[in-house]
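I am opening a notebook on a structure that is new to me.

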Amino acid sequence: MPPPGRAGLPAYSSFLKHCKRSAPNRLPSIIKMKRDSGYSPMAEQQKQEEKLWDAMKITARVLGTGLLVFTALANFGFWYLQSIWDASGHFWQTTWLKLYDLLEGEEWTIFFLGTALVPALAFWGFNGILMVADVTGKPTFITRYRIQPGKNDPVDTKKLLQAIYTALCNQFFISLPMFVPMFYIMKWWGNTFSRELPTFRSFLVDLSIFTLIEEVLFYYTHRLVHLPLLYKHIHKKHHEWTAPIGVVSIYAHPVEHILSNTLPVMTGPMIMGSHIVSIAAWFSLALVTTSISHCGYHLPFLPSPEFHDFHHLKFNQCYGVLGVLDYLHGTDRVFRQSKAYQRHRVLLSLTPLSESIPEVPGRAD
């Protein structure tokens, strides 16, 4: 409002006095209006508390129901697998005793077969098939399942031979010597070379604990070698392959092979004092699984390799194996916003996920 002229000053002064007198009188009426309209800070707080309590009760019901269903399904699944195990248990026990007697109970020979020979055969047998496809491109349909189209098509033979040489050196000159102290630790436990096979339940418990221990140790040692100094001198070797292939899973600097590849897998059996058959199964499973994670193909009915392939593509995402610690630490945020995350599941059909969930044209994840 513009200032009044000299002639209007008396009227303006009386207007101000009127405002001052009427303001206090209007305040109670405003409060009364709010009260009449139902406004109350305490009522609002009570309403929020009731909503929170209702939400907690609903959550408890959902979680409780889910837990009961999960327990029922798990018990049913365990009962079903146990029945299969019981039906074939006599066969496996008899076969194990025949092998045990054939080797005359020689513990080092049994240990060497279980920790080195059997897992190595599983690793090179699986990767041998993959390398045929990488080098020859046959069978031709397999190229449809490439995660990074156009990469390693075909693979650089010189780089492949270097990867094979490094992998063999790591197995013979790093892993094998590490099995010597492990052997004496397992002898100390006393039941590793038992003539009696472990029960199905103890076998599953061992595998579960092995998996959790590997997840923790691999995640943190993997993040450790991503520190700039260690990455430059150690881990960079592994990341020469931005589009990995199966054999690259153990293509690494010797220090990294000890810290990230071997110790996380060995630690669980040494803590649990597991049977040599459980160790052989675990080592073979670990080597084949990491080969799948690096293979570069998202093949039908196999575990998804999208998670670790994304790590090789982006370097600072997806450090773990299961992805649990990546979720807790937030090191999978970019991955979760990508098309690779949508494709990160077991393929249950013959149609490649890169075709059913294609990349957005002109957009890089």
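Predicted model: local features only at pLDDT ≥ 70, side-chain atom pairs only at ≥ 80, totals over all residues.

**Entry: the elements.** I looked up the secondary structure of the protein chain. I found 13 helices and zero strands. Reading from the N terminus on, I wrote down α-α-α-α-α-α-α-α-α-α-α-α-α.

**Entry: burial and contacts.** I checked how much of the protein chain is buried. The chain has 365 residues, and 38% of them count as buried. Next I took the contacts between residues at least 6 apart in sequence. Of these, 72% join residues at least 24 apart.

**Entry: the surface.** I looked up the accessible surface of the protein chain. It comes to about 21,900 Å². Carbon and sulfur atoms hold 68% of that surface.

**Entry: a nonpolar patch.** Which residues make the nonpolar surface patch of about 560 Å²? I listed W108, F112, L117, L121, V180 and Y184. Two elements give two or more residues to this patch: α3 (107-136) and α4 (157-189). Helix α3 gives the most, with four residues.

Entry: I picked W108, which sits in helix α3. Why does W108 count as partly exposed? Its relative accessibility is 33%. Buried means under 20% and exposed means over 50%, so a value in between is called partly exposed.

How values were computed. Residues numbered from 1 in each chain as written. Heavy atoms only, no water. Buried < 20%, exposed > 50% of the residue type's maximum accessible area, 1.4 Å probe, protein only. Contact = heavy atoms within 4.5 Å. Areas by Shrake-Rupley, 256 points an atom, 1.4 Å probe, with all protein chains shown as cover. Patch = residues over 30% accessible without salt bridge, like charges linked within 9 Å, V, L, I, M, F, W, Y side chains within 5 Å. Salt bridge = Lys/Arg side-chain N within 4 Å of Asp/Glu carboxyl O.
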